Amino acid sequence: MSHGPRTGLAAVSSALLAMSRHLEVRDVLKTIVASARELLDAQYAALGVPDDHGGFAQFVVDGVSDEQWKAIGPLPRQHGILAAMLREATPQRLADVRKDPRFEGWPSAHPDLADFLGLPIRDGDEVMGALFLANKNCVKPEGGCGFTTDDEELLGILAQHAAIALTNARLYERSRELTIAEERSRLAHELHDAVSQKLFSLRLTAQAAATLVDRDPARAKGELQQVAELAAEAADELRAAVVELRPAALDEDGLVATLRTQIQVLDRAHSARVTFTGHGVKALPAAQEEAMLRVAQEALHNALRHAAAEHVDVTLHRRGTGAVLRVTDDGSGFDPRTVRRAGRHLGLVSMRDRANGAGGRLTVESAPGKGTTIEMEVPGG
């Protein structure tokens, strides 16, 4: 049951805290718009971030259903009142936006707006966006605007903090892009140094083997064995470098959705039954999510490629503020006491390293003919 809009310091504090919780630009914009509409008790709210081509790079609305939004059509252009807010960087408080000489109409499916309050979102001299509200839920004074000067002052405070939140979100996304670019560059150099050396040695060894085939078959055989070893080492180097790249799906969809999608693909691609269940896991620190995904991928690879499992079950559930990943298979299993010898083959060394690097722990239960269970727990943030 609704008790009307929240007022006062508590409401402003709640709105500002909501903005500070998000780092993704789109999430920040949605939170700004929803907070403004609730705080000032308006029927509609919107925020547009301009592009350099007369349109909007992003345009977020609140109070309009998904069906209405689709029916409205393409994003608006920078014209009319919106253009004035962006160009003049001044507040706009109107009794009826439709009667303003700058009003240029809207699509037929667009909701009918009357009283209007809009402000630019500014960072110094830069206008980052336009935030506006329409149709205040109150009795309008005859010929006047439902929005008051107090509303304008309150929205101004919200817009100032919105600029800070939006700037932080942009910096976060930019730093993440730079981090990914730097990591890819580092891996490219490592890959070039490690693999190119191996391939160069492989080429020389293969040439030596070719010259020895006729006059010294035994030595040629030895050289060919060396070729095989070098090729395997090059493949290991390549795989080690490639798996270090953080998958884009993890950033976009989160750990649970990424695991579910990948496991569905594996279930279709293999004769073995591969299942996944997730229980109430919230977002974890990025390093922990990536480590859990990599451990799951390694465990699944072992179960499907090496253990000849018929059923592999993956579960992810919440434990305290953290999470527990469990991968269980009914495959051939192995003797954990030989982990030093089997570790390289089964990828257990890399899985332990990933768990430790993320502040978690890895446990392994297995026996010959009894399948394997690999469990990883992380503490959360």
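With 18% relative accessibility, E377 counts as buried (under 20% relative accessible area; over 50% is exposed and in between is partly exposed, with a 1.4 Å probe and protein chains only). This is a predicted model, in which local features need pLDDT of at least 70 and side-chain atom pairs count only at pLDDT 80 or more, while totals for chains, interfaces and linings use all residues. Residues are numbered from 1 along each chain as its sequence is written, and side-chain values use heavy atoms, leaving out hydrogens and water.

E377 sits in strand 10, residues 372-378 (strands are DSSP runs of E with at least two residues, helices runs of H or I with at least four, numbered from the N terminus). Beyond its neighbours within four places in sequence, E377 touches R319, A323, V324, G360 and R361 (contact means heavy atoms within 4.5 Å). For A323, which is 54 residues away along the chain, the C-alpha separation from E377 is 5.8 Å.

## How helix 9 meets helix 11

Two packed helices are described by the angle between their axes and the distance between those axes. Here, helix 9 (residues 286-306) and helix 11 (residues 348-357) have axes that come within 9 Å and cross at roughly 165° (axes are lines fitted to C-alpha atoms over the stretch in contact, with angles from 0 to 180 degrees between N-to-C directions). Helix 9 is therefore roughly antiparallel to helix 11 (over 145 degrees; under 35 is roughly parallel, 65 to 115 roughly perpendicular and the rest oblique).

On the helix 9 side, A291, R294, V295, E298, A299 and N302 meet S350, M351 and R354 of helix 11.
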